Amino acid sequence: MKQDPATEAPAPLRPEDLADIDMFCDALWLEDGLAKTTLESYRADLSALGRWLATENRPALLQAAEADLLAFVALLSQEKKATSQSRYLSSLRRFYRWQLSRGRIGADPSGRLSRPITPGRLPKTLSEAQVEALLQAPDVDTPLGQRDRAMLETLYATGLRVSELVGLKLHEIGFNQGVLRVMGKGSKERLVPLGEEALDWLQRFIQEGRRELLDGCPCEAVFVTARAAPMTRQMFWTLIKGYAPLAGIPREQLSPHVLRHAFATHLLNHGADLRVVQLLLGHADITTTQIYTHVARERLKQLHSVHHPRG
């Protein structure tokens with residue numbers, strides 16, 4: 001009976017396979033600074049392949065041929081959804097490309113593996129009117145309302161990940177230059193323009209509401225709570241959900257990441273270049289950014305159907 005490649009097969013990992021996986025993951029950590037969860041995902045996928053090869057009495061990872069990988073992928077197609085299959089294929093390709101670049105193998109056996117067809121999943125986004133209503137929702141006559149307005153304005157103006165937003169430090173804001181210095185995934189730094197509205201609200205909050213919230217307590221984080229502690233991802237997620245009904249937006253449609261999607265989509269709708277959006281979002285691969293071209297295209301179709309006399 002065939003083993004599920006995602007579960008531990010009876011045959012353990014060969015020592016040479018374990019050593020090769022360790023070397024690969026260590027290199028990714030040292031060279032690219034990948035997150036622990038990402039490295040664990042690579043390790044799990046490659047270990048699943050290594051155990052399956054051992055169970056089937058096939059060669060070790062570095063000796064595996066294209067036919068071996070095709071057989072493994074065929075098993076995956078029976079056991080896993082298309083999205084999971086794509087993740088496995090990404091892991092295998094990166095592993096074998098890395099081995100090839102180091103001269104540890106003579107040819108890449110994963111080179112001709114094709115990705116499964118995945119159903120198109122467009123990210124949720126907001127209209128410009130919905131974003132404007134959301135930005136107007138906080139009560140800016142209170143310190144917490146000033147903080148929330150500054151956070152929402154900054155998130156929409158920059159497209160930051162929520163972890164980047166709550167982790168923002170005072171010294172990372174360049175008020176004179178109008179930019180943020182952001183430390184993103186893989187410890188990669190990027191500069192992101194802010195825009196006048198976001199700058200104005202950040203300055204107002206830092207000069208007024210933030211001082212009142214901290215009440216003399218030292219803190220490097222820009223966005224703080226009523227207890228003078230740094231804002232967390234979970235707290236901001238709850239906070240933004242609370243503003244949904246005030247802005248007339250269904251709660252299930254709104255999250256911090258949806259504002260990131262709105263940032264990218266609205267830029268493209270107004271003529272921004274895809275490469276620029278990629279840089280602003282901090283995407284390592286432009287294929288990740290291309291999903292927003294589909295969102296923008298759908299919006300253009302809707303506008304055409306409503307406003308064109310033959311739509």
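User: Which residues does leucine 134 touch, not counting residues up to four places away in sequence?

Analyst: In this predicted model, leucine 134 touches Leu152, Tyr243, Ala247, Ile249, Leu254 and Leu259. Contact here requires heavy atoms within 4.5 Å. Leu134 is also among the residues with the most contacts inside the largest nonpolar core, which has 53 residues.

User: Which element gives the largest share of this core?

Analyst: Helix H8 (196-214) does, with eight residues. Other elements that give two or more residues include helix H5 (128-135), strand E2 (179-183) and helix H10 (256-269). A second, separate core has 30 residues, including Leu13, Leu62, Tyr88 and Phe95.

User: What makes the pair of phenylalanine 24 and tyrosine 42 edge-to-face?

Analyst: Two values decide it. The ring centres are 5.8 Å apart, and pairing asks for centres within 6.5 Å. The planes stand at 90°, and the edge-to-face label asks for over 60 degrees. Phenylalanine 24 lies in helix H1 and tyrosine 42 in helix H2, so the pair ties together parts that are 18 residues apart in sequence.

User: Why is phenylalanine 24 called buried?

Analyst: Buried means under 20% relative accessible area. Phenylalanine 24 has 0% relative accessibility, so phenylalanine 24 counts as buried. Tyrosine 42, with 11%, is buried too.

User: How do you know that the rings of phenylalanine 24 and tryptophan 98 are edge-to-face?

Analyst: Their centres are 6.0 Å apart and their planes are at 70°. The limits are within 6.5 Å and over 60 degrees, so this pair is edge-to-face. Tryptophan 98 is in helix H4, and the pair ties together parts that are 74 residues apart in sequence. Ring pairs link Phe24, Tyr42, Phe95, Tyr96 and Trp98 into a cluster.

Notes. Residues numbered from 1 in each chain as written. Predicted model: local features only at pLDDT ≥ 70, side-chain atom pairs only at ≥ 80, totals over all residues. Heavy atoms only, no water. Core = buried A, V, L, I, M, F, W, Y, C linked by side-chain atoms within 4.5 Å. Buried < 20%, exposed > 50% of the residue type's maximum accessible area, 1.4 Å probe, protein only. Helix = DSSP H or I, 4+ residues; strand = E, 2+ residues; numbered from the N terminus. Phe/Tyr/Trp six-rings, centres within 6.5 Å; stacked < 30°, edge-to-face > 60°.
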